[in-house]
Amino acid sequence: MEPHRLDRAEARRIAIRAQLLDADRPTALLDVVRRLTLLQVDPTAAIAPNADLVAWSRLGTAYRPDDLVRALEQERTLFEVDALIRPIEDLALHRADMAAWPVWQRSRDWLEQNGSFRRDILNRLADSPEPLLSRDLPDTSTVAWQSSGWTHNQNVGRMLELLTLRGEVAIAARRGRERLWTPADRVYPAELLAAPVIPADEALRRRNERRLTALGIAREKSTKMPLEPVDVGLAGEPAIVEGVPGVWRVDPDALGLPFTGRTALLSPFDRLTYDRVRAQQLFDFEYVLEMYKPAAARRWGYFALPILHGDRLVGKLDAKADRKAGTLTVHAVHEDVPFSRDIRRAVDDEIASLAEWLSVEVVGA
């Protein structure tokens, strides 16, 4: 079909509406996660953990982190795997991949070499009436996991990760940064596990459609990204964005809708800006997460929050929350474009809203 022709403003507005960052705020956490398809788990909490910060950006001060804990641990309407929180019904779209996991030969070989270790882990989890921490499980591996990174010889943790990706084990809860593990059938609904497995090709097609609904506009193909792709295959319809190279895919249901923007502070891992190339091409927004850089080399700050105003990404907030001291210290507000009085007021109001949600006071710039 003939591609839709969009100017960049319309493309930006499609992306913002899709991510629930326009003025029409959602009111329920489950609705947010279903629309976004995921919340990324990340331990960095210079302001707040990523999953909570993303939820707050959509729901505002009505959101409480306990809402997420309840959905994961009690209601079981959400589940976590591979550092991503998803709606429980979306598990059906991943079961075929779980059955085929691991795809990497090295991991396959390691699992085969440690068959007795795998069975020991599964039996100990099944025999325990309560979920267990990884440190509660002995290392009975035959062959140690070899890695040049932090997982080297972390055999219990690596086995638990692989068994979770295979759908044999599930994360029942978190206690701080530690995960509690249990057999998958104690977390995942019986009716879902008993249902026929959706074929892998069909599941991929549906996941691409879900992702496009969440992104609004995306590439058909893109650079491989960790955890979750940023492209969508042949989902949606083709589009050309004025002044931007290549052919895009757009959600046809997102075309031609009215737009009213608002101001929002975003996590560095927010899906609106996670694809840095898309953010640059559609928003003229340059961003690098600088927490791994030496302090002297940082331009915007350790955990700078992108600032959305209307249909533009206009700057970054360099701030740090200290719950014990009861403060949100604002080190700097970096303006990518000169702030008008209205933009400055809106950004200050959003910083105040963030402090209210955190139950701290704003200090600094």
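This is a predicted model: local features need pLDDT of at least 70, side-chain atom pairs count only at pLDDT 80 or more; totals for chains, interfaces and linings use all residues.

Reply: S11 covers residues 305–309 and runs antiparallel to S12, with five bridges joining the two. At one position His309 is found opposite Arg312 of S12.

S12 itself spans residues 312–322, and eight of its 11 residues are buried, so the strand is largely enclosed by the rest of the structure.

On to the next partner of S12. Strand S13, residues 327–335, is also antiparallel to S12 and is joined to it by eight bridges. Ala321 has Leu328 in S13 as its bridge partner. The hairpin that S12 makes with S13 has four residues between the strands, and here Gly326 takes a positive phi near 75 degrees. S12 therefore takes part in two antiparallel pairings, one with S11 and one with S13, and eight of its 11 residues are buried.

Now the charged pairs. Side chains of opposite charge can pair when their charged atoms come close. The structure contains 27 salt bridges.

One of them links Glu80 and Arg174, whose closest N and O atoms are 2.7 Å apart. Glu80 belongs to strand S3 (residues 78–81) and Arg174 to strand S5 (residues 169–175), so this pair ties together parts that lie 94 residues apart in sequence. Glu80 is buried, at a relative accessible area of 5%. The cut-off for buried is under 20%, and Arg174, at 25%, counts as partly exposed.

Another salt bridge is between Arg206 and Glu202, at 2.9 Å from N to O. Both residues lie in helix H10 (residues 200–215); they are four residues apart, which separates them by about one helical turn. Arg206 is partly exposed at 35% relative accessible area, and Glu202 is partly exposed at 25%. These two residues also belong to a network of salt bridges that includes Arg205 and Glu209.

A further salt bridge joins the side chains of Glu75 and Arg70, with 3.5 Å from N to O. Glu75 is partly exposed, with 46% relative accessibility, and Arg70 is partly exposed as well, with 31%.

Conventions
Residues are numbered from 1 along each chain as its sequence is written. Side-chain values use heavy atoms; hydrogens and water are left out. Buried means under 20% relative accessible area, exposed over 50%, partly exposed in between (1.4 Å probe, protein chains only). Two strands pair if DSSP finds at least two bridges between them. A salt bridge is a side-chain nitrogen of Lys or Arg within 4 Å of a carboxyl oxygen of Asp or Glu.
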